[in-house]
Amino acid sequence: MKGRLVHHCIHVMDLDASLEFYEKALGLTESHRMGPEDGNWVNVYVANELAPFEIEFTWNRGRTEPYENAGKDVHIALRVPDIDAAYALHSEMGCVLRRNDALGIYFITDPDGQLIEILPER
């Protein structure tokens, strides 16, 4: 059996902060959203034109405890055309967690602590 990967879900505490962060840091914008009319929860999907893959933000009304989002080793990864420019932006935003110069990569964290690996284009 084969399938196609379509999205990765991240539970978020502050939906607006997550949307703002992912647009500024990674160029991902809202493609669509869904949820019940009472607004108890919402799923918001973000993407860009470079890949047919989305990140789903799940927000639940009344949640006060941060989510673990599968632990600290789980991460998403993005390839960027200009890693130096990306690193400068992320440094300015204060979201760089660690850099690995030997591999030419670095990690940032989103407002909920989700790890995001930034890699150069091949």
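This briefing covers a helix pair, a sheet and a pocket. The model is predicted: local features need pLDDT of at least 70, side-chain atom pairs count only at pLDDT 80 or more, and totals for chains, interfaces and linings use all residues. Residues are numbered from 1 along each chain as its sequence is written, and side-chain values use heavy atoms, leaving out hydrogens and water.

**Helices**
- Helix H1 spans residues 15-26 and helix H2 residues 83-93. Helices (H or I, at least four residues) and strands (E, at least two) are DSSP runs, numbered from the N terminus.
- H1 and H2 pack at about 145°, with axes 10 Å apart. Axes are lines fitted to C-alpha atoms, for helices over the stretch in contact; angles run from 0 to 180 degrees between N-to-C directions.
- Phe 21, Lys 24, Ala 25 and Leu 26 in H1 meet Leu 89, His 90 and Met 93 in H2. Contact means heavy atoms within 4.5 Å.

**Sheet**
- Strands of a sheet pair through backbone hydrogen bonds, either parallel or antiparallel.
- Here 4 strands form an open sheet in the order E5-E8-E7-E6, with mixed pairing. Two strands pair if DSSP finds at least two bridges between them.
- E5 and E6 (96-100) are the edge strands, each pairing on one side only.
- The twist averages 20° from one strand to the next.
- E5 runs parallel to E8 (residues 115-120), joined by 6 bridges. His 75 stands opposite Leu 115 in E8.
- H2 lies across E5, E6, E7 (105-109) and E8, at about 30° to E7.

**Lining of the largest pocket**
- E5 gives the most to this lining, with 5 residues.
- H1, E4 (54-60), E5 (75-80) and H2 each supply at least two residues.
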